[in-house]
Amino acid sequence: MGTLFMVNVPHNCTDKELSEWVESSGIEVKQVRLVRDLVAGVSPSFAYVEIAEKTRIKEAVQKLNGHNIRERVIMVSEARSHPAA
């Protein structure tokens, strides 16, 4: 499994909508985590999408990066892990 980092996600995008968008490219989604502003209850335009093992991260990035969700160009990269302190 790997995780994609997505920027410029529409503010009112749902987990389901983002998952369906990714899966429409033939990529199996395990989990979607939209990062939300707890006060306003909206996403501040980024998300993490965990994908199935059978899809390579680099291939997924190539398929999705630069494509649109509701007229917004989504920037996709491999999520980076932070080393434990």
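This is a predicted model: local features need pLDDT of at least 70, side-chain atom pairs count only at pLDDT 80 or more; totals for chains, interfaces and linings use all residues.
## The four-stranded sheet

Strands E2, E3, E1 and E6 form, in that order, an open sheet with antiparallel pairing. E2 and E6 are the edge strands, each pairing on one side only. On average, neighbouring strands of the sheet are turned by 20 degrees against each other, direction ignored.

Strand E1 (residues 2-7) is joined to strand E3 (residues 46-51) by six bridges, the two running antiparallel. Within this pairing, Met-6 has Ala-47 of E3 as its bridge partner, and Phe-5 stands opposite Tyr-48 in E3. E3 is also joined to strand E2 (residues 29-34), again antiparallel, through five bridges; here Tyr-48 is the bridge partner of Arg-33. Four bridges connect E1 with strand E6 (residues 75-78), which runs antiparallel to E1, and Val-7 is partnered by Met-75 in E6.

## The two faces of E1

In a regular strand the side chains alternate between the two faces of the sheet. E1 shows a covered face made of Gly-2, Leu-4 and Met-6, and an uncovered face made of Thr-3, Phe-5 and Val-7.

Leaving aside residues up to four places away in sequence, Met-6 touches Leu-18, Trp-21, Val-22, Ser-45, Phe-46, Ala-47, Val-49, Leu-64, Ile-74, Met-75 and Val-76.

## Helix H1

The buried residues of H1 are Leu-18, Ser-19, Trp-21 and Val-22. Seen down the helix axis, the buried residues of H1 fall within an arc of 160 degrees, and therefore line one face of the helix. Their cover includes E1, E2, E3, H2 and strand E4 (68-69).

Glu-20 and Lys-16 are both in H1, four residues apart, which is about one turn of the helix. Their side chains meet in a salt bridge of 3.9 Å, N to O. Glu-20 counts as partly exposed at 45% relative accessibility, whereas Lys-16 is exposed, with a relative accessible area of 58%.

## Helix H2

H2 lies across E1, E3 and E6 and runs at about 25 degrees to E1. Its buried residues are Ile-57, Ala-60, Val-61 and Leu-64. Viewed down the axis of H2, these residues fall within an arc of 100 degrees, so they line one face of the helix. E1, H1, E3 and E6 are among the elements that cover them.

The face of H2 turned away from the buried side carries the exposed residues Lys-58 and Gln-62. After the helix comes Gly-66, with a positive phi near 85 degrees.

In soluble globular proteins, nonpolar side chains tend to be buried together. The largest nonpolar core of this model has 21 residues, of which Leu-4, Met-6, Leu-18, Trp-21, Val-22, Val-49 and Leu-64 touch the most other members. At least two residues of this core come from each of E1, helix H1 (15-23), E2, E3 and helix H2 (57-64). The most is given by H2, with four residues.

## Salt bridges

Side chains of opposite charge can pair when their charged atoms come close. Four salt bridges are found in a search of the whole structure, including the Glu-20 and Lys-16 pair already described.

Another salt bridge joins the side chains of Glu-28 and Lys-30 (3.8 Å, N to O). Glu-28 is partly exposed, with a relative accessible area of 31%, and Lys-30 also counts as partly exposed, at 47% relative accessibility. Arg-56 forms a salt bridge with Glu-59, their closest N and O atoms being 3.8 Å apart.

Technical notes
Residues are numbered from 1 along each chain as its sequence is written. Side-chain values use heavy atoms; hydrogens and water are left out. Two strands pair if DSSP finds at least two bridges between them. A nonpolar core is a set of buried Ala, Val, Leu, Ile, Met, Phe, Trp, Tyr and Cys residues joined through side-chain atoms within 4.5 Å. Buried means under 20% relative accessible area, exposed over 50%, partly exposed in between (1.4 Å probe, protein chains only). Contact means heavy atoms within 4.5 Å. The arc is that of the directions from the helix axis to the C-beta atoms. Axes are lines fitted to C-alpha atoms, for helices over the stretch in contact, and angles run from 0 to 180 degrees between N-to-C directions.
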